[in-house]
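These are my notebook entries on a single structure. I record what I looked up, entry by entry.

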Amino acid sequence: MTVLLTCWCATGAVARAAEVERTVTLAEALAAVVKAPEREVARRQTEAASKRAAAAGPWPETTVSLATNLRTARFSTALSFPLPVFGTQSAERRAARRELDVAQQGEAGADLELRTRAREAWITLYHAQSSAELATQAS
């Protein structure tokens, strides 16, 4: 997004006076932040951490195994699950909640950074357009 506004800014500064350029408002620049890929990545990481926190529930992961042997005509099954002893489950839930907290903070930080970059790009664009207008008026 910053690259797009900066490139448009550079071309706007050298544009001829006869050309009418569309001005990007600050509101439009900030609205584009919602569509930024970095924001989507942060949102998906928060969503994944939220699902992991929900999955760190009351019972640990259970494994079911099935096996056959055609030579001896045997079929076997196995069921295994870890026994939650010595507070391992509560530690796992706390770790998952902390991971969710970190992901949420990362999402908020990414949003703040993207908004800051959009504002900086908009200010650069505004400055270039103003400089182009002054150069046109001076000619």
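**Entry 1**

I began with Arg43 and Glu47, which are separated by about one helical turn because they are 4 residues apart in helix α3. Helices here are DSSP runs of H or I with at least four residues, strands are runs of E with at least two, and both are numbered from the N terminus. The model is a predicted one: local features need pLDDT of at least 70, side-chain atom pairs count only at pLDDT 80 or more, and totals for chains, interfaces and linings use all residues. Residues are numbered from 1 along each chain as its sequence is written, and side-chain values use heavy atoms, with hydrogens and water left out.

I found that the side chains of Arg43 and Glu47 meet in a salt bridge, at 3.1 Å from N to O. The term requires a side-chain nitrogen of Lys or Arg within 4 Å of a carboxyl oxygen of Asp or Glu. Side chains of opposite charge can pair when their charged atoms come close.

Arg43 also forms a salt bridge with Glu40, and there the closest N and O atoms are 2.7 Å apart. Arg43 and Glu40 both lie in helix α3, 3 residues apart, which is about one turn of the helix. I noted that Glu40, Arg43, Arg44 and Glu47 are linked in a network of salt bridges.

I then looked up exposure. Buried means under 20% relative accessible area, exposed means over 50%, and partly exposed lies in between (1.4 Å probe, protein chains only). Arg43 counts as partly exposed because its relative accessibility is 34%. Glu40 is partly exposed at 31%, and Glu47 is partly exposed at 37%.

**Entry 1: helix α4**

A search of the whole structure gave 8 salt bridges. One that I examined joins the side chains of Arg117 and Glu113, at 3.5 Å from N to O. Arg117 and Glu113 are 4 residues apart in helix α4, so they are separated by about one helical turn. Arg117 is partly exposed, with a relative accessible area of 28%, and Glu113 is partly exposed, with 46%.

Trp122 and Tyr126 both lie in helix α4, 4 residues apart, about one turn of the helix. Tyr126 counts as partly exposed because its relative accessibility is 48%.

**Entry 2: nonpolar cores**

Which residues make up the largest nonpolar core? I listed Ala49, Ala53, Ala56, Ala96, Leu100 and Ala103, 6 residues in all. Such a core is a set of buried Ala, Val, Leu, Ile, Met, Phe, Trp, Tyr and Cys residues joined through side-chain atoms within 4.5 Å. The elements that give two or more residues to this core are α3 and α4, and α4 gives the most, with 3 residues. Apart from this core lies another of 5 residues, among them Leu30, Val33, Ala36 and Leu114.

Next I checked contacts, which mean heavy atoms within 4.5 Å. Not counting residues up to four places away in sequence, Ala96 touches Arg52, Ala53 and Ala56. Thr46 is found in helix α3, residues 37-55. Leaving aside neighbours within four places in sequence, Thr46 is in contact with Leu100, Ala103, Gln104 and Glu107.

Is Thr46 buried or exposed? Thr46 counts as buried because its relative accessible area is 10%. Ala55, also placed in helix α3, counts as exposed at 59% relative accessibility. I noted 8.8 Å between the C-alpha atoms of Ala55 and Ala96, which are 41 residues apart along the chain.

**Entry 3: the whole protein**

The secondary structure comes to 4 helices and 2 strands, and from the N terminus on the elements run α-α-α-β-β-α. Of the 139 residues of the protein, 20% count as buried. Among contacts between residues at least 6 apart in sequence, 68% join residues at least 24 apart.
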